Amino acid sequence: MLNITTEVNGTEVVIYVEGRMDTATSPQLQAEVDKHIASADKIILDIAKLEYVSSAGLRVFLTTDQGMLDKGGELNMKNVPKAIMDVFEMTGFSDALTII
């Protein structure tokens with residue numbers, strides 16, 4: 001199960017992600033990001049309550065980052081739990097993503 005809450009502050013969008021991101025649930029986050037990517041200058045993914053991320057979830061993070069970079073915007077990952085940071089470090093995402 002994945003819960004997503006979004007706050008829009010002008011051209012900055014904060015998306016709070018809670019639960020598990022896997023093959024079944026990652027399309028939910030992709031759909032939410034897709035709603036905002038064209039109009040946002042900055043997307044912040046607050047993943048403090050993300051419990052698990054699979055390769056499908058990592059792909060959403062990567063495509064969002066690339067989409068924002070392509071348009072001159074930025075993606076920031078915020079409040080990354082240790083278990084998720086371990087995955088980021090093992091996969092090299094800790095170097096590819098902006099973690100605040």
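Modeller: Angles under 35 degrees between two axes count as roughly parallel, and that cut-off will be needed below for this structure, which is a predicted model.

Colleague: Why are α1 and α2 called roughly parallel to each other?

Modeller: Helix α1, residues 26–36, packs with α2 at an angle of about 15 degrees, their axes lying 9 Å apart; since the limit is under 35 degrees, the two helices are therefore roughly parallel. The crossing that α1 and α2 make is right-handed.

Colleague: Which residues in α1 and α2 meet?

Modeller: From α1 there are Ser26, Leu29, Gln30 and Val33, and these meet Ala56, Gly57, Val60, Phe61, Thr63 and Thr64 of α2.

Colleague: What makes serine 54 count as buried or exposed?

Modeller: Serine 54 has a relative accessible area of 11%, and buried means under 20%, so serine 54 is buried. Its place is in the loop between β3 (42–53) and α2 (55–70), and, leaving aside residues up to four places away in sequence, serine 54 touches Met21, Asp22 and Thr23.

Colleague: How do you know that strand β1 and strand β2 pair?

Modeller: Pairing asks for at least two bridges between the strands, and β1 (residues 2–9) and β2 (residues 12–21) have eight bridges, in the antiparallel sense. Isoleucine 4 stands opposite valine 17 of β2. The two strands form a hairpin with two residues between them, and in the turn glycine 10 has a positive phi of about 65 degrees.

Note on methods. Residues numbered from 1 in each chain as written. Predicted model: local features only at pLDDT ≥ 70, side-chain atom pairs only at ≥ 80, totals over all residues. Heavy atoms only, no water. Helix = DSSP H or I, 4+ residues; strand = E, 2+ residues; numbered from the N terminus. Buried < 20%, exposed > 50% of the residue type's maximum accessible area, 1.4 Å probe, protein only. Contact = heavy atoms within 4.5 Å. Axes fitted to C-alpha atoms, helices over the stretch in contact; angles between N-to-C directions. Parallel < 35°, antiparallel > 145°, perpendicular 65-115°, else oblique. Left-handed = near helix turned anticlockwise from the far one by under 90°.
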